[in-house]
Amino acid sequence: MSAPPANLTGMPDTSARVLRLLSLLRSRTTWTGPALADELGVSSRTVRRDIGMLRELGYAVDVTRGAGGHYRLGAGALLPPLVFDDDQAVAIAVALQAAPRTISGLADAAARALDTVLPVLPSRLRTQVAALEITSIRNPWDLAAPSVSTAALLAVSAAIRRSETLRYDYTGPDHQPGPARLVQPHHLVVWAGRWYLVGWDPTGGAWRTLRLDRVRTRTPNGPPFEPRTLPEEDIARFVMRQLDRGDTSDHWPCRGTAVIGQPAGLMARWAPGGAVVEAVTEDTTRIWLGAWSWIGLAALLGTFDGAITDPEPGELREACHELARRYARA
């Protein structure tokens, strides 16, 4: 692999612009000439000249001519130099060190990848990136699920890309698999350190949000499907509002439940990872939570700013009374 040109600082305007053009072509499948010219602040003629420079460097840039002409970064026969600006280099260093936090079996590969990237960076940037060492420590309040395997991520991602139905087993809180199931996978989502698969359940006729660490895929995949439109345009909002995400609080020593005077949709959005919510009425919700102590769990219930009723088990009820006495004395 050949080394990239020097970093952008102090580079001629043309070279910096060509790197910016390359970054734009990589960020989207196709670009029109006027759109590229607008992004770069140059004329369409300059864009055509810069495209020619990229081709001379070994990058395959395909173009369809005419009024609706488009540029697309193709798969060339040559391996061109890898070029990163400062922000991209920092992003790579952070991602490679943070990824093993939620993906199992990736630590060695991520470390090797970082060792491969560092030598081809310009000296100034290499020094800065090498100094960016991250130590990831698990905090119990992260409420993260067990990490997922690289194999699971690849299998699910491939099924999403090819629009193929997944055949899978889903393990419960006791880690015992249930009956085989089907899901049409649409999105992979990471929230609060947890990986989720959002898909359509063709058997139940409903959208499902599954904990990926509990999914055990079967081979071969099921039949292809036509992707559906999510009921909400914002995938993050859709996942956060789901009442059942397959979460449990089983890793906490103290686990309990209570009814809170807040709507279930609002509770689901702000409940910590590992919580389970269930609508009781339009304005009340039962929630299951875990904490490191019964007093801690009672205090956590109070953060939802609603009336608290029917706390279970008895240890949680007593903790609520004790916490009330402490606050009264305060």
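Helices (H or I, at least four residues) and strands (E, at least two) are DSSP runs, numbered from the N terminus. The model is predicted, and local features require pLDDT of at least 70, side-chain atom pairs pLDDT 80 or more, while totals for chains, interfaces and linings use all residues. Residues are numbered from 1 along each chain as its sequence is written, and side-chain values use heavy atoms, without hydrogens and water.

Ser163 has a positive phi, near 55°, although the residue is not glycine. Most residues other than glycine have a negative phi, and most peptide bonds are trans. Ser163 counts as buried because its relative accessibility is 13% (buried means under 20% relative accessible area, exposed over 50%, partly exposed in between; 1.4 Å probe, protein chains only).

With a relative accessible area of 41%, Asp310 is partly exposed.

The peptide bond from Glu312 to Pro313 is cis, with omega near 5°. Pro313 is placed in the loop between strand S14 (308-312) and H11. A cis peptide bond also joins Thr219 and Pro220, with omega about -5°. Pro220 is in the loop between strand S10 (215-218) and helix H8 (235-240).

## Packing of H10 and H11

Helix H10 (residues 294-302) packs with helix H11 (residues 314-329) at an angle of about 75°, their axes 8 Å apart. The two helices are therefore roughly perpendicular (angles under 35 degrees count as roughly parallel, over 145 as roughly antiparallel, 65 to 115 as roughly perpendicular and the rest as oblique). Axes are lines fitted to C-alpha atoms, for helices over the stretch in contact, and angles run from 0 to 180 degrees between N-to-C directions.

Contact (heavy atoms within 4.5 Å) involves residues including Trp294 and Leu297 of H10 and Leu316 and Arg326 of H11. By class, the contact of H10 with H11 has 10 nonpolar, no polar and 3 charged residues. Ala, Val, Leu, Ile, Met, Phe, Trp, Tyr, Cys and Pro count as nonpolar, Asp, Glu, Lys and Arg as charged, and the others, Gly among them, as polar.

## Packing of H4 and H5

Helix H4 (residues 86-98) and helix H5 (residues 107-117) pack at about 160°, with axes 8 Å apart. H4 is therefore roughly antiparallel to H5. Ala93, Leu96 and Gln97 of H4 meet Ala110, Ala113 and Leu114 of H5. This contact of H4 with H5 comprises 5 nonpolar, 1 polar and no charged residues.
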